[in-house]
Amino acid sequence: MNFLSCLLVNNPCYRAGVALKPKGIVVHSTGANNPNLRRYVQPAVGQTEGMGGKSSAALLQLLGKNENGNHWNGVTSPAVCVHGFIGRLADGTVATVQTLPFTVRCWGCGSGSKGSYNSSHIQFEICEDGMESPDYLNQVWQEAVELCAELCRRYGIPVSAIRSHAESHRDGYATNHGDPEHWFTRFGRTMDQFRTAVSKALAGQSEPAPSEETVQQVQRRFGFSNDTMAYLKAYRFAAALLKKLAEQP
Ligand SMILES: [Zn+2]
């Protein structure tokens, strides 16, 4: 995941700052042909906070400048704000930008007959292109899978609680929209496939830790430094790798 932060500090939703305990995730797509993150995300004039340690000039260079003044770091109409966007940076690469703290309530999906997932779900938008490029869909899909896996891991969210906007409406907790399935289905993709991909990503993240005995065996055998051992132990498949190195004839 290519992860950046540009909190929308001038958006009234950010300023309202109502606490959220994340219990699920809503996946949206923008419904407009504009894959560029700069359409929605810009640092505010004079912004110093919430940019992941970057300066606003550096962030602006990555995002590109929105010349139309219609980004979301200010008052939007209708009032709207989400926790993040996935789309293209100025150089064309795909990235995720966090735009609200994940523990602040967003204004993302409106309400349905039973209430609103705004009070319980982290929500993000995938910037649509013209919905004709399989390459772009592949890239943003992968980025969204990795983002969801990270959020599920961090907040203990079950994969089954990842819902599209369309599903959220059917659940009774959002306005009647068709995103992002109206785009996914063009390429034969479904939300069930999306959730399966997130489950696989999560399984990959939780490989077993190597045993201390194996670690010591490898260090003795190859004379690796503690730094090298720390590096090896952090590798995703460390347990399998170290076992192999320990047992190698
Ligand atoms: Zn939506």
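Q: In which loop is Met131 found?
A: Helices (H or I, at least four residues) and strands (E, at least two) are DSSP runs, numbered from the N terminus. Here Met131 is found in the loop between strand 5 (121-126) and helix 3. Residues are numbered from 1 along each chain as its sequence is written. This is a predicted model: local features need pLDDT of at least 70, side-chain atom pairs count only at pLDDT 80 or more, and totals for chains, interfaces and linings use all residues.

Q: What is the phi of Met131 near?
A: Phi of Met131 is near 60°, which is a positive value in a residue other than glycine.

Q: Why is Met131 classed as partly exposed?
A: A residue is buried if 20 or more other C-beta atoms lie within 10 Å of its own, exposed if 12 or fewer, and partly exposed in between, with C-beta atoms placed from the backbone. Met131 is partly exposed because 16 other C-beta atoms lie within 10 Å.

Q: Is Arg154 buried or exposed?
A: Arg154 is exposed, because 11 other C-beta atoms lie within 10 Å. Its place is in helix 3 (residues 134-155). Arg154 and Pro22 are 132 residues apart in sequence, and their C-alpha atoms are 10.0 Å apart in space.

Q: Is Thr190 buried or exposed?
A: Thr190 counts as exposed, since it has 12 C-beta neighbours inside 10 Å. Thr190 is found in the loop between helix 5 and helix 6 (191-205). From Thr190 to Ser164 the separation is 26 residues in sequence and 9.9 Å in space, C-alpha to C-alpha.

Q: Which residues does a cis peptide bond join, with omega about -5°?
A: That cis peptide bond joins Ser77 and Pro78. Pro78 is found in the loop between helix 2 (56-63) and strand 3 (84-88). A cis peptide bond also joins Asp179 and Pro180, with omega about -10°. Pro180 is found in the loop between helix 4 (165-171) and helix 5 (181-184).

Q: At what angle do helix 7 and helix 9 pack?
A: Axes are lines fitted to C-alpha atoms, for helices over the stretch in contact, and angles run from 0 to 180 degrees between N-to-C directions. Helix 7 (residues 212-222) and helix 9 (residues 238-247) pack at an angle of about 50°, and their axes are 9 Å apart. Angles under 35 degrees count as roughly parallel, over 145 as roughly antiparallel, 65 to 115 as roughly perpendicular and the rest as oblique. Helix 7 and helix 9 are therefore oblique to each other.

Q: Which residues of helix 7 and helix 9 make the contact?
A: Two residues are in contact if their C-beta atoms, placed from the backbone, lie within 7 Å. Helix 7 contributes Thr214, Val215, Gln217 and Val218, and helix 9 contributes Leu242, Lys243, Leu245 and Ala246.

Q: How are the residues of the whole protein arranged, in numbers?
A: The protein has nine helices and six strands. Of its 249 residues, 36% count as buried. Among the contacts with a separation of 6 or more, 77% are between residues 24 or more positions apart.

Q: What does the domain assignment of the protein give?
A: Domain bounds come from an automatic or database domain assignment. For this protein the assignment gives domain 1 (3-205) and domain 2 (212-247). The C-alpha centres of domain 1 and domain 2 lie 38 Å apart.
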